[in-house]
Amino acid sequence: AFRSCFLPTRGHMHSRNRAQIQRNPKSLARLQELAEDSRTRDIFLICYESYDKPCHRKLLLQIAEEEFAALVNHTPFVPATL
């Protein structure tokens with residue numbers, strides 16, 4: 001399952017970023033591969049943005065879930081402290 005710990009982007013940026021991703025066949029093909037892989041193993045999308053900042057990760061998870069029936073776990077993942 002995919003997991004993320006970030007909130008979705010909103011408004012204009014969200015729409016513009018989504019359209020840009022969906023117009024790119026290579027991006028969609030790779031996202032579909034990850035969505036298919038998520039059925040048999042955990043896939044983690046990581047970002048340098050802090051927990052409370054929106055990032056593209058949530059948008060990618062939404063597209064993977066809607067377009068490719070990816071298994072998405074919306075529970076935030078926080079790695080254990082070393």
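**Close-up 1. Asn 17 in helix 1 of the predicted model.** Helix 1 covers residues 11-22, and Asn 17 is found within this helix. With a relative accessibility of 7%, Asn 17 counts as buried, because the cut-off for buried is under 20%. The side chain of Asn 17 forms a polar contact of 3.3 Å with the side chain of His 56. When neighbours within four places in sequence are left aside, the residues in contact with Asn 17 are His 56 and Leu 59.

**Close-up 2. The crossing of helix 2 and helix 3.** Two packed helices are described by the angle between their axes and the distance between the axes. Helix 2 spans residues 25-37 and helix 3 spans residues 56-68. Their axes come within 10 Å and cross at roughly 75°. The two helices are therefore roughly perpendicular to each other, since angles of 65 to 115 degrees fall in that class. On the helix 2 side, the contact is made by Leu 28, Leu 31, Gln 32 and Ala 35. Helix 3 contributes Leu 60, Ile 63, Ala 64 and Phe 68. Sorted by class, this contact of helix 2 with helix 3 has 7 nonpolar residues, 1 polar residue and no charged residues.

**Close-up 3. Leu 34 of helix 2 and its separation from Phe 44.** Leu 34 is found in helix 2. Its relative accessibility of 16% is under the 20% limit, so Leu 34 counts as buried. Leu 34 and Phe 44 are 10 residues apart along the chain. The distance between the C-alpha atoms of Leu 34 and Phe 44 is 9.8 Å.

Note on methods. Residues are numbered from 1 along each chain as its sequence is written. This is a predicted model: local features need pLDDT of at least 70, side-chain atom pairs count only at pLDDT 80 or more; totals for chains, interfaces and linings use all residues. Side-chain values use heavy atoms; hydrogens and water are left out. Axes are lines fitted to C-alpha atoms, for helices over the stretch in contact, and angles run from 0 to 180 degrees between N-to-C directions. Helices (H or I, at least four residues) and strands (E, at least two) are DSSP runs, numbered from the N terminus. Angles under 35 degrees count as roughly parallel, over 145 as roughly antiparallel, 65 to 115 as roughly perpendicular and the rest as oblique. Contact means heavy atoms within 4.5 Å. Ala, Val, Leu, Ile, Met, Phe, Trp, Tyr, Cys and Pro count as nonpolar, Asp, Glu, Lys and Arg as charged, and the others, Gly among them, as polar. Buried means under 20% relative accessible area, exposed over 50%, partly exposed in between (1.4 Å probe, protein chains only). A polar contact is a pair of N or O atoms within 3.5 Å; within protein, one must be able to donate a hydrogen and the other to accept it, and residues adjacent in sequence count only if both atoms are side-chain atoms.
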